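Please take a moment to look over the sequence and the 3D structure below, and keep both at hand while reading the paragraphs that follow.

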Amino acid sequence: YTGEQAERGEKLYREECGRCHGDDLTGIESAPALTGSNFAATWEGLPLSDLLERMRVSMPQDKPGTLSRSQNADILAYMLQVSGFPAGEKPLEGQAGALGQITFRTYRPE
């Protein structure tokens with residue numbers, strides 16, 4: 001993802017996701033956190049395409065499937081930025097094929 005993409009994602013997140021998942025992505029009541037150790041444990045080792053697809057078909061909860069693939073990719077970029085993953089030179093694309101090659105991994109000291 002790029003910094004610009006994460007900025008777009010932050011705006012979309014605040015408009016579409018923050019009311020349930022919290023302004024800081026830490027979750028509210030029944031909506032889970034979208035950052036932190038519980039989130040990382042849930043998605044560890046899975047391709048980002050799985051996460052994007054979950055977002056695409058089930059979010060926002062009150063109107064699932066209304067955001068485009070590129071909007072979901074922007075929100076995912078913001079989530080990665082908040083989680084401390086560094087930005088790169090190429091944006092995440094909303095196509096599952098490319099994201100299927102990227103696995104969610106967090107560093108765990110031994």
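Which residues does T106 touch, not counting residues up to four places away in sequence? T106 touches A40, E44 and F85, where a contact means heavy atoms within 4.5 Å.

Before going further, please note that this is a predicted model, in which local features need pLDDT of at least 70 and side-chain atom pairs count only at pLDDT 80 or more, while totals for chains, interfaces and linings use all residues. Residues are numbered from 1 along each chain as its sequence is written, and side-chain values use heavy atoms, with hydrogens and water left out.

T106 has its place in the segment after α6 (96-99); helices here (H or I, at least four residues) and strands (E, at least two) are DSSP runs, numbered from the N terminus. The side chains of T106 and E44 are joined by a polar contact of 2.7 Å, a term for a pair of N or O atoms within 3.5 Å, of which, within protein, one must be able to donate a hydrogen and the other to accept it, and for which residues adjacent in sequence count only if both atoms are side-chain atoms. With a relative accessible area of 26%, T106 is partly exposed, a class lying between buried (under 20% relative accessible area) and exposed (over 50%), with a 1.4 Å probe and protein chains only. Although T106 and S37 are 69 residues apart in sequence, their C-alpha atoms are 9.2 Å apart in space.

We can now turn to the packing of helices. Helix α1 (residues 3-16) and α5 pack at an angle of about 100°, with their axes 7 Å apart, the axes being lines fitted to C-alpha atoms, for helices over the stretch in contact, and the angles running from 0 to 180 degrees between N-to-C directions. α1 is therefore roughly perpendicular to α5, since angles of 65 to 115 degrees count as roughly perpendicular, those under 35 as roughly parallel, those over 145 as roughly antiparallel and the rest as oblique. The contact of α1 with α5 has seven nonpolar, four polar and four charged residues; Ala, Val, Leu, Ile, Met, Phe, Trp, Tyr, Cys and Pro count as nonpolar, Asp, Glu, Lys and Arg as charged, and the others, Gly among them, as polar.

Helix α4 (residues 48-58) also packs with helix α5 (residues 69-82), here at an angle of about 120° and with the axes 10 Å apart, so α4 and α5 are oblique to each other. The residues of this contact divide into nine nonpolar, one polar and three charged.

The loop between α4 and α5 holds M59 and also P60, and the peptide bond from M59 to P60 is cis, with omega near -15°. M59 is partly exposed, with a relative accessible area of 30%, and the residues that M59 touches include H21. H21, found in helix α2 (residues 18-21), is buried with a relative accessible area of 9%, and the side chain of H21 reaches the backbone oxygen of P32 at 2.7 Å.

Finally, the loop between α2 and α3 (37-43) contains L25, whose phi is near 70°, a positive value in a residue other than glycine. E29 is found in the loop between α2 and α3 as well, and has a positive phi of about 50° although it is not a glycine. L25 is buried, with a relative accessible area of 0%, whereas E29, at 83% relative accessibility, counts as exposed.
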